[in-house]
Amino acid sequence: MYEKKSSEKFSLESQIVKANLSLSGLSCASCIHSIEQVLKKLPGVLTNSIHVNLLMSNASLEFDRSKVSMEQIKTAINDSGYKVKDANIEEEKSQSQNEMREENTENVISIIDSDTNQIENVTITMLSIDGISCASCINTIEQAIRPLTGVKHIHANLLTSEAIIKHDNNKI
């Protein structure tokens, strides 16, 4: 058995694939949270791979096809009140681990801070990172970025070699 950082176990027979879904019905950060929670409950979904983008109205995730089907994923999202307009599975990564996209993307969204009930503008930056090879790399990246002033959240992904950082653009 191979053990993932999130304590999810996958055997050598696992069929891990990446799915990209186009969604409708998203209107706020609560929608993102709802979809993430639904996906986390499905067996075979790698919880650390779930990314829901409000501005792009899409989601990406990695899952074990031997434990859950794309139809089950679509049904779970549809049953939670959102609509899956389109879905596709990437059979293979389109780039090798050493090839990196030169572009980094940023989106600014407004969210309501649950502690203060104040509206905050949060920038979401997606970075492509070269040289990620193991869970320790992910941990090192996240521990280096997380304590920086203005960083609200960071998630680095081993399989996609990307990091998504939610931050206050006025502070960092």
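Student: What makes β4 and β5 a hairpin in this predicted model?

Tutor: The model is predicted. In it, β4 and β5 form a hairpin with 4 residues between them. Strand β4 (residues 51-53) runs antiparallel to β5, and 3 bridges join them. Two strands pair if there are at least two bridges between them, so with 3 bridges β4 and β5 count as paired. His51 stands opposite Ser60 in β5.

Student: Which residue in the turn has a positive phi?

Tutor: Ser57, with a phi of about 50°.

Student: How do you know that β3 pairs with β5?

Tutor: 7 bridges join β3 (residues 16-24) to β5, and the two run antiparallel. The pairing rule asks for at least two bridges, so β3 and β5, with 7, are a pair. Within it, Leu21 stands opposite Ala59 in β5.

Student: Why is β5 called mostly covered?

Tutor: In β5 (residues 58-64), 6 of the 7 residues are buried. Buried means under 20% relative accessible area.

Student: Why is Glu62 called buried?

Tutor: The relative accessible area of Glu62 is 5%. The cut-off is under 20%, so Glu62 is buried. The place of Glu62 is in strand β5.

Student: What is in contact with Glu62, leaving aside its neighbours within four places in sequence?

Tutor: Among them are Ile16, Val17, Lys18, Ser49, Asn157 and Thr160. The C-alpha atoms of Glu62 and Ile50 are separated by 7.1 Å, though these residues are 12 apart along the chain.

Student: Which residues have the most contacts inside the largest nonpolar core?

Tutor: Leu23, Leu61 and Phe63, in a core of 24 residues. The elements that give two or more residues to this core are β3, α1 (29-40), β5 and α2 (70-79). A second, separate core has 9 residues, including Ile132, Ile138, Ile141 and Ile165.

Student: What does Phe63 touch, leaving aside its neighbours within four places in sequence?

Tutor: Phe63 is in contact with residues including Ile16, Val17, Leu46, Met70, Ile73 and Ile89.

Student: Which residues of α1 are buried?

Tutor: Cys31, Ile32, Ile35, Glu36 and Leu39. They cover an arc of only 135° around the axis, so they lie on the same side of α1. What covers these buried residues includes β3, β4, β5 and α2.

Student: What puts the buried residues of α2 on the same side?

Tutor: The buried residues in α2 are Met70, Ile73, Ala76 and Ile77. They cover an arc of only 125° around the axis, which puts them on the same side of α2. These residues pack against β3, α1, β5 and β6 (83-90). After α2 comes Gly81, with a positive phi near 105°.

Student: How many helices and strands are there in the protein?

Tutor: There are 3 helices and 10 strands. From the N terminus on, they run β-β-β-α-β-β-α-β-β-β-α-β-β.

Student: What share of the residues in the protein is buried?

Tutor: Of the 172 residues, 37% are buried. The accessible surface comes to about 10,200 Å², and 48% of that belongs to carbon and sulfur atoms.

Note on methods:
Residues are numbered from 1 along each chain as its sequence is written. This is a predicted model: local features need pLDDT of at least 70, side-chain atom pairs count only at pLDDT 80 or more; totals for chains, interfaces and linings use all residues. Side-chain values use heavy atoms; hydrogens and water are left out. Buried means under 20% relative accessible area, exposed over 50%, partly exposed in between (1.4 Å probe, protein chains only). Accessible areas come from the Shrake-Rupley method with a 1.4 Å probe; for residues, only the protein chains shown count as cover. A nonpolar core is a set of buried Ala, Val, Leu, Ile, Met, Phe, Trp, Tyr and Cys residues joined through side-chain atoms within 4.5 Å. Contact means heavy atoms within 4.5 Å. The arc is that of the directions from the helix axis to the C-beta atoms.
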